[in-house]
Amino acid sequence: DDIFDLSATLESLYIAYNSFSGPLSPKLGTMKKLKEFYAYGNDFTGKIPTEIAKLDDLETIVLAENLLSGSLSEEFSSMKSLKLFSIFRRLKAGPKLHGPLPSFSNLPQLQGLYLDYNQFSGTIPDNFLAASLNVDLVTLGHNELTGDVPKSLASFDSIQLQMEGNKLTGLDEKFCDLEEWMDGFVEQYDCDAIMCPPHTFSKYGRQNSTKSECKECDGDDEDTTPYYGSISCEIEISEKQILEKLYKATGGANWYNSDGWTTPNADVCDYYGI
């Protein structure tokens, strides 16, 4: 807690690439002068304290590759100074951030938003990024988002919006005319540069070169890629679905201890023996 003795004056806090664990302290909200908070690559757990969202001067939040979980408060959608928000989870297994995707609708200074490889679900809000006129890169890939890509996002003349690996079912044709999107690749590859259409795939979920074109799946595999942005023709199955199959195949109801295995909405890390 000694660090909080500096809360009245501290502007930059760099604690990346350590082995800090446990929950992030709500006392971070007392650091009223804080502009930069880098905590990449630790083992922090639990929810991201909403107190952080109340720091008016905070420009940079980097919490990627921790073990954070729970929902993300809509309060993070209204940080007037925020330029970079990074909470991706590409490397570490375990419970992840989940629940509805915040709108991030009132972030006028935002330039980069990295949310990929979490478990955000539901639709992309219609007012997503509404005030972020200078945003350059947004990564939503490999979450559990559903529905259509909001047409309101077509108001951006230029943006890299990565959405592969979700369960999105709609992409309006007007996006195909936004030639400066995706580093200009939309001009070359039309909407395929944003996401491969249903029943096709690419290793990136989109086309960004002549070697990454969106291809149709062979044989009877068509139903394995019903969504936009598929990265393979293989049926994607989650860790939880694999464990559910194991439970049924091995007579889990008769196990000596199966605590958590049939609890609705339980995280797999709460299953007995996992």
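How many disulfides does a search of the whole structure find? I ran that search on this predicted model. It returned 3 disulfides.

**Entry: pairing order**
I numbered the bonded cysteines of the chain in sequence order. The pairing reads 1-2, 3-4, 5-6.

**Entry: Cys176 and Cys191**
I started with the disulfide of Cys176 and Cys191. Their sulfur atoms sit 2.0 Å apart. I read -105° about the S-S bond, a left-handed link. The pair connects distant parts of the chain, 15 residues apart. Cys176 is in the loop between β14 (167-170) and α1 (185-189). Cys191 is in the loop between α1 and β15 (200-201). I also looked up the accessibility of Cys191. At 11% relative accessibility, Cys191 is buried.

**Entry: Cys196 and Cys214**
Next I took the disulfide joining Cys196 to Cys214, with an S to S distance of 2.1 Å. The link is left-handed, at -80° about the S-S bond. Here too distant parts of the chain are linked, 18 residues apart. I placed Cys196 in the loop between α1 and β15. Cys214 falls in the loop between β15 and β16 (215-216). Are these two cysteines buried or exposed? Cys196 has 0% relative accessibility and counts as buried. Cys214 has 16%, and is buried because the cut-off is under 20%.

**Entry: Cys217 and Cys233**
Then I checked the disulfide between Cys217 and Cys233, S to S 1.9 Å. The torsion about the S-S bond is about -95°, so I logged this disulfide as left-handed. Both Cys217 and Cys233 lie in the loop between β16 and α2 (239-249), so the pair ties together parts 16 residues apart in sequence. Cys217 is buried at 12% relative accessibility. Cys233 is buried as well, at 17%.

**Entry: Asn66**
I moved on to Asn66, in the loop between β5 (60-62) and β6 (67-68). Asn66 has 2% relative accessibility, so I put it down as buried. What does its side chain meet? A polar atom of the Asn66 side chain lies 3.1 Å from the backbone nitrogen of Phe44. Setting aside neighbours within four places in sequence, I listed the contacts of Asn66. They are Ala39, Tyr40, Gly41, Asn42, Asp43, Phe44, Arg89 and Lys92.

**Entry: Asn127**
Last, I looked up Asn127, in the loop between β10 (119-123) and β11 (137-139). Asn127 is partly exposed, with a relative accessible area of 37%. Not counting residues up to four places away in sequence, Asn127 touches Ser103 and Ser105. I also took one C-alpha distance. Asn127 and Leu171 are 44 residues apart along the chain, and their C-alpha atoms are separated by 16 Å.

Notes:
Residues are numbered from 1 along each chain as its sequence is written. This is a predicted model: local features need pLDDT of at least 70, side-chain atom pairs count only at pLDDT 80 or more; totals for chains, interfaces and linings use all residues. Side-chain values use heavy atoms; hydrogens and water are left out. Helices (H or I, at least four residues) and strands (E, at least two) are DSSP runs, numbered from the N terminus. Buried means under 20% relative accessible area, exposed over 50%, partly exposed in between (1.4 Å probe, protein chains only). A polar contact is a pair of N or O atoms within 3.5 Å; within protein, one must be able to donate a hydrogen and the other to accept it, and residues adjacent in sequence count only if both atoms are side-chain atoms. Contact means heavy atoms within 4.5 Å. A disulfide is a pair of cysteine sulfur atoms within 2.5 Å.
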